[in-house]
Amino acid sequence: MAQRERYGLIGTGSRAGMYVGALTGTVLGAEQVPGTAELVAWSDVNAGRLDVYEREVVAAGHPAPARYATGDLELMIADQRLDRVIITTPDFTHADYIVRSLRAGADVVVEKPLTIDAGSVRHIGAAIEETGREVITTFNYRYSPRNSALRRVIAEGRIGQVTSVHFEWALDTVHGADYFRRWHRDKANSGGLLIHKASHHFDLVNWWIAAAPVRVFASGGLRFYGAENATARGLADRPARGTGTTGDPFALDLAGDARLKELYLDQEHHDGYLRDRDVFDPGITIEDNLAALVDYDSGATMSYSLNAHAPWEGYRVTVNGTEGRAELEVVERGAVLIGDDGRVVVDPSMHPDHSAVDDVRPDRERLVLQRHWESAEVVEIPEGIGGHGGGDAFLLRHLFDRVTRDEPLGRVAGYADGVRAVAVGIAGNHSLETGEPVRIADLDLGV
Ligand SMILES: NC(=O)c1ccc[n+]([C@@H]2O[C@H](COP(=O)([O-])OP(=O)(O)OC[C@H]3O[C@@H](n4cnc5c(N)ncnc54)[C@H](O)[C@@H]3O)[C@@H](O)[C@H]2O)c1
């Protein structure tokens, strides 16, 4: 058997669970993953979260990965002879860990977004040039079968040459609200939703239409969450934290969810990280409604819209071409309902009224192709399994087997893809500040 690649991971929060599970055989099945990769070391600023993951790994029969302080990343890489470091820390920390890992001799797998601003992109670019090492951003949405199906329709030329895209993303009052509870709500930590969330969406468009963004004009604001909006809507006397507040649909009950409790509530005493702060607090600096106009080097344009307080969650994308049009509609969660106890019911199938909800949008996902002078046809979407519309499992396979960019759909995202995805958000944030359109070339991002 070929020698397994040695992985280290930094940042053992929620997202780390997918990688830890895969590397210890619980996500992909025992034969495949351990055949190519093993997790031998990890690090986090919070020792309690490392304890939780360590207990799980050991219970699954794997040796506990070696533990290092975050300041000892270089030592971790040298001591443990790491091939790759997986970075699943908050967005603003990515660049520093990427650069340090590359310089210490490891390749990098970093969660989206690559980083949050132009200066740190240049810093990473310089380290790649200096070391010749690889940085992969994990864009799991490319791997969702429905998104791959749209890519195939466009790549096969079935709508001709792409002229424009219209893309709307709705985040609901569960998932969308979550960005206003914790570190994401400070723009200095996440770059705001144009970076943190929309980098997924901008990457999809770059990849769907095989084009690079060249100019961005953005507009938006904080219009629903935050203290000022709460006061304006008469929502006074908010709790400082959401935990356990019965009857409040914006309360997150950390104690009532075993995973959230053990990973966050029980570990607060280590670092003071509160996972459930109130979404109507003062001091939130990110937007909850965003719009952007993006021009691409192919000549196409995109109109984009993001809303973070919708009553349902999903997205709609229309791609116009010289020979027709493709329309993808996806419902990720049909409704957020309130149960008898006044708490939010996240899974509508658990609510007595769920049938009414499902009747309104019976299709969870639907890809329609209509060529000029022809009737519309529904394009079949293969069934996926697991998180992010089936994207996570495919992504992990490609990642750990080091599948190259030659795979037919070109789903493996390289460094330049990571940069182009955040480029739209970085330019968009400049545009929000200045009120002017921003040329991506002027940001000097090196791609
Ligand atoms: N691809 C996706 O769909 C997806 C989904 C969720 C999160 N993410 C990304 O994963 C990353 C982590 O998100 P999350 O939701 O797991 O966050 P989280 O807050 O749950 O976890 C972050 C972890 O990093 C640790 N940490 C904080 N500061 C650190 C530092 N300076 N050094 C080392 N560790 C530090 C925290 O203690 C925590 O354990 C983010 O970049 C996010 O954008 C991607």
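The questions below concern a predicted model of a protein chain with a ligand.

Q: What makes the radius of gyration of the protein chain agree with that of a compact globule?
A: For 447 residues the rule for a compact globule gives a value near 22 Å, and the protein chain has 22 Å, so the two agree. Along the principal axes, the C-alpha trace spans about 65 × 55 × 45 Å.

Q: What makes a residue count as buried, and what percentage of the protein chain is buried?
A: The criterion is 20 or more other C-beta atoms within 10 Å of the residue's own. Buried residues make up 46% of the 447 residues.

Q: How do you know what share of the contacts joins residues 24 or more positions apart?
A: A contact requires C-beta atoms within 7 Å. Among contacts with a separation of 6 or more, 75% are between residues 24 or more positions apart.

Q: Which domains is the protein chain divided into?
A: The assignment gives domain 1 (5-138), domain 2 (141-224 + 284-443) and domain 3 (227-271). The centres of domain 1 and domain 2, taken over C-alpha atoms, are separated by 26 Å.

Q: How do you know that domain 1 and domain 2 are in contact, and how many residues take part?
A: With the cut-off of 7 Å between C-beta atoms, 24 residues of domain 1 are in contact with 28 residues of domain 2. On the domain 1 side, helix 1 (16-23), helix 2 (32-36), helix 6 (118-131) and strand 6 (135-138) each supply at least two residues. Strand 6 gives the largest share, 4 residues. By class, this side of domain 1 has 17 nonpolar, 4 polar and 3 charged residues.

Q: Which residues are closest to the ligand, and how many surround it?
A: The shell holds 21 residues, and the closest are G11, G13, R15, N46 and E111. Its classes are 3 nonpolar, 12 polar and 6 charged. Gly counts as polar here.

Q: Why are strand 16 and strand 17 said to stand at the edges of the sheet?
A: The open sheet has 9 strands in the order 16-15-12-11-7-10-9-8-17, with mixed pairing. Strand 16 (377-379) and strand 17 (438-439) each have a single partner strand, so one side of each is left without a neighbour in the sheet.

Q: What makes strand 8 and strand 17 a pair?
A: Pairing requires at least two bridges.

Technical notes: Residues are numbered from 1 along each chain as its sequence is written. This is a predicted model: local features need pLDDT of at least 70, side-chain atom pairs count only at pLDDT 80 or more; totals for chains, interfaces and linings use all residues. The radius of gyration is taken over C-alpha atoms; the globule rule is 2.2 Å times the number of residues to the power 0.38. A residue is buried if 20 or more other C-beta atoms lie within 10 Å of its own, exposed if 12 or fewer, and partly exposed in between; C-beta atoms are placed from the backbone. Two residues are in contact if their C-beta atoms, placed from the backbone, lie within 7 Å. Domain bounds come from an automatic or database domain assignment. A residue is near a molecule or strand if its C-beta atom, placed from the backbone, lies within 6 Å of it.
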